[in-house]
Amino acid sequence: MGSSSSSYAPKTVYLDVDGKVQRVSVSEGLMFFTAVSGGLAGVMTICHHSYLSAEKEQCSNKEDMFQNVLSQVAEQFSRAFRINELKTEVTNRLAMLEKRVELEGLKVVEIEKCKNDLKKLRDEMTSRGGARVNCNCKYNFTDDGKKLSPRRDVPSYPKYTLSQETIEALKKPTFDVWHWEHNEMLSCLEYMYHDLGLVKEFNMNPITLKRWLVRFNQLCTNDDQMMYGMIHLCNLQEKLTMTDMCILMTAAVCHDLDHPGYNNTYQINARTELAVRYNDISPLENHHCAVAFQILAMPECNIFANIEPESFKQVRQAIITLILATDMARHGEILDSFRQKVDNFDFTNEEHVKCLKMVLIKCCDISNEVRPTEVAEPWVDCLLEEYFMQSDREKSEGLPVAPFMDRDKVTKPTAQIGFIKFVLIPMFETVMKVSEL
């Protein structure tokens, strides 16, 4: 240890006191501390804290700088990773789109290949079978007049054995079609052709008859059942020829084929394809005829394949005449013509019989209201809904709306009263006069 005479070397200390820098010289540390007693302790405390504060501030600045650098580096890394992620996503989507384009391209190639194959097949069939009438419809006509042998496959709809009770019910207007399945009604319709002797008379192949009926998949047989009933109730079997009855039954089956649900007035006002095709002349009825004979032109469905060409020509023309007669725009004209003949009606007069057949199919076409209420009511609901759908469409398209179709103006009772009073009753009363002859 040093002697008491030894002392510290003089030192100079600069202190910041109240915002002023003061120079302090210290030669003997202990004496100085004693001299200034407690005041010096305070000065030293201030000095110590000032030094620590400066050191901390410097460290804090370095830490902030380092933290800032780290943040920037992290941000750069984040951007880099995000760019890679986006690049990967874009690459994947691009690959997916390229794959889709490739697949779509293959589909186009396959479609074109199929089209070419179909064209070659059509050309080959044309060269083998001779020319055919071009038609934009679903079916084409045959014009060679040859008797074609029907195919041997049998339609798949079940064969129902009709009871005697059902057979008798089929002859009456009380028959309730709502209680029968579609396949059952096809069996009933097939029975009607056999019962009237039409299959035997026209040498129809029974399998062809089945196929022909199946082609009317969703056909409602309400009107043809009424035609069958009227033939029996009016004893027309004794007064008309087999050809007349065949024309009546076949026209009743075909008269509403492929109905679009909008009447001729709409077709003409809206200038639809059907109206343009048939020059605004009974567009729907002309369409029903066309579809009927497109189906009959199919060899497997031609129930008239075994009759002479001249006979078929007459049958065809008569069926067309009856179907066109169902256009309600001609109602007054046809009924007036029939009234002029009814008092002196002659079943041997071809013109009289023709007019009678036109009235008979009109009766069947509007016959729902002559049935019992429980049978007729559902048909009324269906018809009104069809009218309302048409009037709604006419309103949306700015077309004229018939008052009896406007859902805002008509009710079920009012719609039926006028129709039954002014259309249905007068026509059936006129037909009754013929049945009494």
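In this predicted model, G398 is found in the loop between α14 (373-396) and α15 (412-435). The residue is exposed, because its relative accessible area is 62%. G398 and A270 are 128 residues apart along the chain, and their C-alpha atoms are separated by 9.6 Å.

**Overall architecture**

The chain contains 15 helices and 2 strands. Of its 437 residues, 36% are buried. Among contacts with a separation of 6 or more, 69% join residues 24 or more positions apart. The accessible surface of the chain amounts to about 27,300 Å², and carbon and sulfur atoms account for 55% of that area.

**Annotated positions**

The unreviewed UniProt entry places the feature "binding site" at H255, D256 and D365. These positions are spread over 111 residues of sequence, yet they cluster in space, with a largest C-alpha distance of 9.0 Å.

H255 sits in the loop between α7 and α8, and D256 lies in the loop between α7 (242-254) and α8 (264-269). H255 counts as buried because its relative accessible area is 3%, whereas D256 is partly exposed at 34% relative accessibility.

With residues up to four places away in sequence set aside, D256 touches D223, H288 and D365. Under the exclusion of neighbours within four places, H255 is in contact with D223, H288, I323, T326, I361 and D365.

**Accessibility of selected residues**

The following table collects relative accessible areas and the corresponding classes.

| Residue | Relative accessible area | Class |
|---|---|---|
| C254 | 1% | buried |
| H255 | 3% | buried |
| V431 | 5% | buried |
| D256 | 34% | partly exposed |
| C382 | 43% | partly exposed |
| G398 | 62% | exposed |

**Cysteines**

A search of the whole structure finds 0 disulfides. For C254, the closest cysteine sulfur is that of C289, at 8.7 Å, which is too far for a bond. C254 is buried, given its relative accessible area of 1%, while C382 is partly exposed at 43%.

In soluble globular proteins, nonpolar side chains tend to be buried together. In this chain the largest nonpolar core has 78 residues, and Y193, W212 and M249 are those with the most contacts inside it. Apart from that core lies another, of 5 residues, among them V380, L384, V410 and A415.

Neighbours within four places in sequence being left aside, W212 is in contact with Y193, T250, V253, C254, I295, L296, C301 and I303. Its partners therefore include C254, the residue that is buried at 1% relative accessible area.

Helix α3 covers residues 182-195, a run of 14 residues. The distance from its first C-alpha to its last is 20 Å, close to the 20 Å expected at 1.5 Å a residue. Its buried residues are E184, M185, L186, S187, C188, L189, E190, M192 and Y193. The elements covering them include α4 (198-201), α5 (206-214), α6 (222-233) and α7. After α3 comes G197, whose phi is positive, near 80°.

Helix α6 has 12 residues, which should span 16 Å at 1.5 Å a residue; the end C-alpha atoms are 16 Å apart, in agreement with that value. Because 11 of the 12 residues are buried, α6 is largely enclosed by the rest of the structure. The buried set consists of N222, D223, D224, Q225, M226, M227, Y228, G229, M230, I231 and H232. Cover for these residues includes α2 (164-169), α3, α7, α13 (350-365), α14 and α15. Just after α6, N235 takes a positive phi of about 55°.

**Helix α15 and V431**

V431 is found in helix α15 and is buried, because its relative accessible area is 5%. With neighbours within four places in sequence left aside, V431 is in contact with M230, F338, V359, L360 and C363. V431 and C363 are 68 residues apart along the chain, and 8.8 Å separates their C-alpha atoms.

Technical notes: Residues are numbered from 1 along each chain as its sequence is written. This is a predicted model: local features need pLDDT of at least 70, side-chain atom pairs count only at pLDDT 80 or more; totals for chains, interfaces and linings use all residues. Side-chain values use heavy atoms; hydrogens and water are left out. Helices (H or I, at least four residues) and strands (E, at least two) are DSSP runs, numbered from the N terminus. Buried means under 20% relative accessible area, exposed over 50%, partly exposed in between (1.4 Å probe, protein chains only). Contact means heavy atoms within 4.5 Å. A disulfide is a pair of cysteine sulfur atoms within 2.5 Å. Accessible areas come from the Shrake-Rupley method with a 1.4 Å probe; for residues, only the protein chains shown count as cover. A nonpolar core is a set of buried Ala, Val, Leu, Ile, Met, Phe, Trp, Tyr and Cys residues joined through side-chain atoms within 4.5 Å. The expected span of a helix is 1.5 Å times one less than its number of residues. UniProt positions are given in the numbering used here, feature names are shortened, and annotations may be inferred rather than shown by experiment.
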